[in-house]
Amino acid sequence: MYRFQIWVSPRLRFWPSSLAEKLFDEMLKKGIKPDNVTFSTMISCARISSLPEKAVEWFEKMSSFGCDPDDVTYSAMIDAYGRAGNVDMAFSLYDRARTEKWRIDGVTFSTLIRIHGQSGNYDGCLNVFEEMKAIGVKPNVVVYNTLLDAMGRAKRPWQAKKIYQEMISSGFEPSFVTYAALLRAFGRSRYGDDCVNVYKEMKEKGMKLNVILYNTILSMCADLGYTDEAISIFEDLKSSETMPDSWTFSSMITIYSCSGQVPEAEAMLNEMLKAGFAPNIFVLTSLIQCYGKAKRIDDVVKTFNDLLELDISPDERFCGCLLNVMTQTPKEELSKLTACIEIAYPKLGYVVKLLLEDDNSENFKNEASELFETVGADVRKAYCNCLIDLSMNLDQLDRACEILNIGVTQEVYTDIQTRSPSQWSLNLKGLSLGAALTALHVWINDLTKILESGEKFPPLLGINTGHGKHKY
């Protein structure tokens with residue numbers, strides 16, 4: 001009986017879990033008591049069969065049969081508990097493993113990195129990776145891919161590049177999973193050239209991308225103004241077996257719209273409609289931006305009406321786009337857009353109306369202050385920039401200064417002016433042209449007053465305008 005158990009247990013590792021369980025039941029019926037080797041084998045079988053919950057179940061049965069897990073079994077359970085979702089137990093065992101110096105395999109380290117990544121503890125991912133190497137366990141492709149995916153989620157493309165270079169220098173051949181992780185890491189963080197180079201390398205190796213990866217690249221191209229690259233990638237997508245979805249068309253319309261290419265944007269919209277996709281608020285927002293750049297205000301109004309007919313509620317970003325178009329619109333056509341904004345966002349529409357009427361009462365200040373108190377944090381600066389730009393376009397410098405002051409008071413803008421014993425600075429990064437000119441005007445006035453008061457200036461006065469890398 002004893003020889004039967006020892007001989008059959010190793011075979012269980014290569015059997016489907018259901019067959020292994022039948023054999024286990026047969027052992028019990030024949031009076032054979034399972035030992036540590038049997039349970040270790042059953043746990044390994046469940047792990048190989050991608051059944052971590054079953055592995056946990058076998059592990060927790062051991063005590064009822066008088067079996068005490070050894071280091072190897074405990075190490076395997078770090079992976080099983082992690083995959084089964086019991087993160088606390090996985091980390092508890094891992095802490096014990098480090099203290100008692102258990103042997104841990106690469107698969108378990110990969111699971112620990114994945115758990116840290118899913119919880120947002122990206123430094124924890126790197127710590128586990130370094131601990132793994134410190135105890136002499138060599139990372140495999142799965143570990144590298146898991147870590148690359150985590151760095152992509154963390155938006156740390158520089159670390160993804162470093163890890164990838166280490167992987168290549170260790171002699172590993174990148175797989176589709178590797179390239180996909182790199183595309184996501186570079187695409188999400190807008191590392192344009194790196195992302196396009198990874199894409200080209202995949203194509204050279206004959207790898208087929210899915211629509212999600214294509215969309216990741218095209219979305220990045222839309223944000224960075226990589227128009228030529230986007231057109232080429234979109235044509236490649238259509239020539240492959242991959243079918244574009246609504247996000248694909250949305251990115252392409254955005255690319256053409258931001259470049260002011262009206263015919264191309266309209267052609268892409270028609271292609272989107274033929275493919276059976278209705279335009280969403282992102283597409284319509286891009287079209288409004290496109291028509292605004294081309295000074296086709298009637299088409300902006302028509303697109304706004306299309307949005308209402310599609311029963312789509314205009315959100316704050318959409319209204320911000322309308323407001324931005326107003327800053328590019330001739331004075332005689334501003335009323336057309338004011339009417340749209342009053343329908344879409346009455347509070348904003350009222351502030352715009354007061355601005356156009358050049359209302360000098362406290363009413364404008366109160367309404368504008370209330371607007372910035374209620375509008376979403378992600379659009380506050382955009383709204384403030386646009387209202388200042390609009391004031392400057394209307395030759396209302398005092399009104400622009402008033403809006404800037406409201407923005408500073410409500411912390412829409414922070415640290416526009418900074419002072420240290422050695423330097424006074426004006427920080428214009430993130431401001432629109434009109435807002436930057438207004439801030440410069442205010443700064444010069446402040447410096448003039450200081451000079452007139454006899455106060456000494458620091459050795460250095462500086463103006464930071466940012467890098468201006470955006471192609472649009």
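Q: Before we start, what does buried mean here, in relative accessible area?
A: Buried means under 20% relative accessible area, and exposed means over 50%. The model is a predicted one.

Q: Okay. Threonine 329, buried or exposed?
A: Threonine 329 has a relative accessible area of 10%. The cut-off is under 20%, so threonine 329 is buried.

Q: Where does threonine 329 sit?
A: In the loop between helix H19 (316-326) and helix H20 (334-344).

Q: What does threonine 329 touch, leaving aside neighbours within four places in sequence?
A: Ile297, Leu334 and Leu337.

Q: And which backbone oxygen lies 2.6 Å from a polar atom of its side chain?
A: That of valine 325.

Q: Ile297 and Val325 again, then. Which residues of H18 and H19 meet?
A: From H18, Ile297, Val300, Phe304 and Leu307. From H19, Phe318, Leu322 and Val325.

Q: How do H18 and H19 pack, in angle and axis distance?
A: Helix H18 spans residues 297-309, and its axis is 12 Å from that of H19. The angle is about 165°. Angles over 145 degrees count as roughly antiparallel, so H18 is roughly antiparallel to H19.

Q: Left-handed or right-handed crossing?
A: Left-handed, as H18 passes H19.

Q: Switching to the core. Which residues touch the most other members of the largest nonpolar core?
A: Met151, Leu183, Ile217, Leu323, Leu348, Tyr383 and Leu387. That core has 143 residues.

Q: Take tyrosine 383. What does it touch beyond four places in sequence?
A: Glu316, Cys319, Gly320, Leu323, Tyr345, Leu348, Phe372 and Val375. Leu323 and Leu348 are also among the core residues with the most contacts to other members.

Q: Leu183 and Ile217 were on that core list too. How do H11 and H13 cross?
A: The axes of H11 and helix H13 (residues 211-224) come within 9 Å and cross at roughly 25°. Under 35 degrees counts as roughly parallel, so H11 is roughly parallel to H13.

Q: Which residues make that contact?
A: On H11, Phe176, Ala180, Leu183, Arg184, Phe186 and Gly187. On H13, Leu213, Thr216, Ile217 and Met220.

Q: What's the handedness of H11 passing H13?
A: A left-handed crossing.

Q: Now the loop between H10 and H11. Glutamate 173 is there. Buried or exposed?
A: Exposed, because its relative accessibility is 56%. The loop lies between helix H10 (157-169) and helix H11 (176-188).

Q: What does glutamate 173 touch, not counting residues up to four places away?
A: Met167 and Lys205. Its side chain makes a polar contact with the side chain of lysine 205, at 3.2 Å.

Q: And how far is glutamate 173 from valine 141?
A: 8.2 Å, C-alpha to C-alpha. In sequence they are 32 residues apart.

Q: Where is lysine 155?
A: In the loop between helix H9 (141-153) and H10.

Q: What about the phi of aspartate 395?
A: Positive, about 60°, and aspartate 395 is not a glycine either. It sits in the loop between helix H23 (380-393) and helix H24 (397-409). At 67% relative accessibility, aspartate 395 counts as exposed.

Notes:
Residues numbered from 1 in each chain as written. Predicted model: local features only at pLDDT ≥ 70, side-chain atom pairs only at ≥ 80, totals over all residues. Heavy atoms only, no water. Core = buried A, V, L, I, M, F, W, Y, C linked by side-chain atoms within 4.5 Å. Buried < 20%, exposed > 50% of the residue type's maximum accessible area, 1.4 Å probe, protein only. Contact = heavy atoms within 4.5 Å. Helix = DSSP H or I, 4+ residues; strand = E, 2+ residues; numbered from the N terminus. Polar contact = N/O pair within 3.5 Å; in protein donor to acceptor, adjacent residues only side chain to side chain. Axes fitted to C-alpha atoms, helices over the stretch in contact; angles between N-to-C directions. Parallel < 35°, antiparallel > 145°, perpendicular 65-115°, else oblique. Left-handed = near helix turned anticlockwise from the far one by under 90°.
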